[in-house]
Amino acid sequence: MTDITTHQASRKRLLIALSITCSFMVIQLVAAYFANSLAVFADAGHLFVHNSTLFIAILASSIAFTWRATLTMALTRRSWLGA
Ligand SMILES: [Zn+2]
């Protein structure tokens, strides 16, 4: 069984990575506007894809954490039923 503290540490790392890439994306959007650069704007779009994948990973982690608690309770009840 996966340890909860490890799971929380992984979520924390994902959140840190998401915040870093989000801030870089915002910086690139502002820089692309002021520099009038389509290349920098395209790279900001590239970072948006990275941000969305990180967000999906955090979402999946949250769902797994929720389902883990539910399934653990269901399996415990099943063992009581078996006894
Ligand atoms: Zn990339």
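This passage describes the fold of a predicted protein model and then turns to a few of its residues. Residues are numbered from 1 along each chain as its sequence is written. Because the model is predicted, local features are reported only at pLDDT of at least 70 and side-chain atom pairs count only at pLDDT 80 or more, whereas totals for chains, interfaces and linings use all residues.

The secondary structure of the protein consists of two helices and zero strands, where helices (H or I, at least four residues) and strands (E, at least two) are DSSP runs, numbered from the N terminus. Helix H1 covers 4-35 and helix H2 covers 38-82, with a loop between them. Of the 83 residues, 2% count as buried. Here a residue is buried if 20 or more other C-beta atoms lie within 10 Å of its own, exposed if 12 or fewer, and partly exposed in between, with C-beta atoms placed from the backbone. Two residues are taken to be in contact if their C-beta atoms, again placed from the backbone, lie within 7 Å. Among contacts between residues at least 6 apart in sequence, 61% join residues at least 24 apart.

Asn36 has a positive phi of about 55°, although it is not a glycine. Most residues other than glycine have a negative phi. Asn36 counts as exposed because 8 other C-beta atoms lie within 10 Å.

Ile20 belongs to helix H1, while Asn51 sits in helix H2. These two residues are 31 apart in sequence, and their C-alpha atoms are 9.5 Å apart in space. How exposed is each one? Ile20 has 12 other C-beta atoms within 10 Å and is therefore exposed, whereas Asn51 has 18 within 10 Å and is therefore partly exposed.

Leaving aside residues up to four places away in sequence, Asn51 touches Leu18, Thr21, Cys22 and Met25.

Ala57 also lies in helix H2. With 15 C-beta neighbours inside 10 Å, Ala57 is classed as partly exposed. Ala57 and Leu14 are 43 residues apart along the chain, yet 7.7 Å separates their C-alpha atoms.
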